[in-house]
Amino acid sequence: MYRYVCKTMLRRLFLSKKVSYQARLFSGNFRYLEVLNNENNVAIVTMKRAPVNTLNSELLSEISSVLTNLDETKCSGMVLTSFSDKVFSSGLDFNEMYESRPATIRTLVSTILEVIIKLYGSPFPTVAVITGHAPSGGCVLSLCCEYRIMVQNFQIGLNVVKLGYSTPLSIVQLMVNTIGHRNAELALTSGRLFTTNEALRVGLIDEIAKDRASAFDKANDFLNQFKVIPPIARHFTKQSMRRALLQDVSINGKIYVEDFVSLISRPKVQELIAAYMANMKNKKKNSN
Ligand SMILES: CCCCCC/C=C\CC(=O)SCCNC(=O)CCNC(=O)[C@H](O)C(C)(C)COP(=O)(O)OP(=O)(O)OC[C@H]1O[C@@H](n2cnc3c(N)ncnc32)[C@H](O)[C@@H]1OP(=O)(O)O
C-alpha cells in the first residue's frame, strides 16, 4: 500500500510520460528534503522548506548528507528541485545572518561551502530543475549542477552585491565558468537577476521548460545520454574540468568562510540586510 501511494505521488508530481518512477524512498529521514529514486537509480532531491526554500544550516546539512549518501551508493544521477512552483530557493536565510553570533553565520557559510564542494565535485551527473525564482544561494546551488532547466517567467542570478557584500571568489568563479568572464563581471557587479529568457541567452541556464513536467522530461533526456558513457571516464573528465575551483576551495575554504563572516557582521551590511528584509515585508503587505 505504502509503495503504491509513493508511486502514485511520484507520477502526479512529475506527470512524465517518459519516466516510470519506481519509488524507493531514501533511507535518511529529512525535515526539509524529499529524496526519491527512480528505476534508473536517479535520485530526485526536492527541497521542501516552505514557503520559499530559504537555505538555513539545517536544510543545507541535509543536502550535504544526501550528497554523501548518493556518492556512497553510486547513484546514476541526481535532479535537484523544489516543491514550489514559484520559488526554487530564496538563498541563504537572513535570519541566520542578521544580528546573529559569528558562530551562527560561520556554521551557515561553512555548510553552504560544504554543499558547493560536494555538489560541484559529485561523480554522478547532476541537473537542476528550476521551477521558480532562484536568487543568490538558489542560483549558486543550480550553478553547482551540470545542467540547468528552468521554467518560464522567473528570475535567476546573484544579487549579493545589492546587500552590501562582495561576491566570494569561489562564487565568482562558478559564474565565470558558466557564462564567461565578461558576462559574469557585468552581472555580478550590478547584482543582476536574469529572466528565464535572458538566462538562456547568456548561458546561465541550458534549457527552458514550459512547466515542471516538461522540465523533468528534459532532465531525463539529459541524464539518459550518459547510459552509454563509462561512468569512470565521465567522472574523471568532469573532475578535470572542475579541478581548479575545487582545489581552490579546499585550500582556501576556511579563509573564504572567515572573510564572509566578518563581511556579514559589519554594521553597514547588517543595516542593509535589515532594510532588505523590511522591504520584502513591505512589498508583501502592499501586494495583499
Ligand atoms: C564562501 C561563502 C559562500 C557564500 C555564498 C553566498 C551566496 C548567497 C548569499 C545569499 O543567498 S543571501 C540571500 C539573498 N536572497 C535574496 O535576495 C532573495 C530574497 N527573497 C526574495 O527575493 C523573494 O522572497 C522571492 C524569492 C523572489 C520570493 O518572493 P515571494 O513573493 O514568493 O515570497 P516572499 O513573500 O518574498 O517571501 C516569503 C517569506 O519568506 C521570507 N524570505 C524570503 N527570502 C528570505 C531569505 N533569504 N531569508 C529569510 N527570509 C526570507 C520573506 O520575508 C517572507 O516572510 P514572511 O513575510 O512570510 O514572514
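Let's start with Asn53. In this predicted model, Asn53 counts as buried, at 0% relative accessibility. Where is Asn53? In the loop between β3 and α2. Now look at the backbone. Phi of Asn53 is near 50°, so we have a positive value in a residue other than glycine.

Next, Arg49. This residue also belongs to the loop between β3 (42-47) and α2 (57-72). Is Arg49 buried or exposed? Buried, because its relative accessible area is 17% and the cut-off for buried is under 20%. What does the side chain of Arg49 reach? The backbone oxygen of Thr54, at 3.0 Å.

One step back, into the strand. Val45 lies in β3. Val45 is buried, with a relative accessible area of 1%. Its C-alpha atom is 6.2 Å from the C-alpha atom of Thr81. Along the chain, Val45 and Thr81 are 36 residues apart.

Now a contrast to Asn53. Lys74 has a positive phi as well, about 55°, and Lys74 is not a glycine. Lys74 sits in the loop between α2 and β4 (77-82). But Lys74 counts as exposed, at 66% relative accessibility, whereas Asn53 counts as buried.

Where does the ligand sit? In the largest pocket. Which elements give two or more residues to the shell around it? Three helices on the slide: α3 (102-120), α9 (231-265) and α10 (267-287). The largest share comes from α10, with 4 residues.

How many residues surround the ligand? 29. The closest are Leu92, Phe94, Tyr276, Lys281 and Lys284. By class, the shell has 17 nonpolar, 8 polar and 4 charged residues.

Take the backbone first. A polar backbone atom of Leu92 is 2.8 Å from an oxygen atom of the ligand. For Phe94, a polar backbone atom is 2.9 Å from a ligand nitrogen. Then a side chain. Tyr276 places a polar side-chain atom 2.9 Å from an oxygen atom of the ligand.

And how much of the ligand does the protein bury? Taken alone, the ligand exposes 1,100 Å². The protein buries 82% of that.

To recap the two sites. In the largest pocket, we have the ligand, with 29 residues around it.

Definitions and conventions: Residues are numbered from 1 along each chain as its sequence is written. This is a predicted model: local features need pLDDT of at least 70, side-chain atom pairs count only at pLDDT 80 or more; totals for chains, interfaces and linings use all residues. Side-chain values use heavy atoms; hydrogens and water are left out. A residue is near a molecule or strand if one of its heavy atoms lies within 4 Å of it. A polar contact is a pair of N or O atoms within 3.5 Å; within protein, one must be able to donate a hydrogen and the other to accept it, and residues adjacent in sequence count only if both atoms are side-chain atoms. Accessible areas come from the Shrake-Rupley method with a 1.4 Å probe; for residues, only the protein chains shown count as cover. On a 1 Å grid over the protein atoms alone, a cavity is a set of points where a 1.4 Å probe fits but cannot get out, and a pocket is an open set with protein on both sides within 12 Å along at least five of seven lines; lining residues have an atom within 4 Å of a point. A molecule sits in a cavity or pocket if more than half of its atoms lie within 2 Å of its grid points. Ala, Val, Leu, Ile, Met, Phe, Trp, Tyr, Cys and Pro count as nonpolar, Asp, Glu, Lys and Arg as charged, and the others, Gly among them, as polar. Buried means under 20% relative accessible area, exposed over 50%, partly exposed in between (1.4 Å probe, protein chains only).
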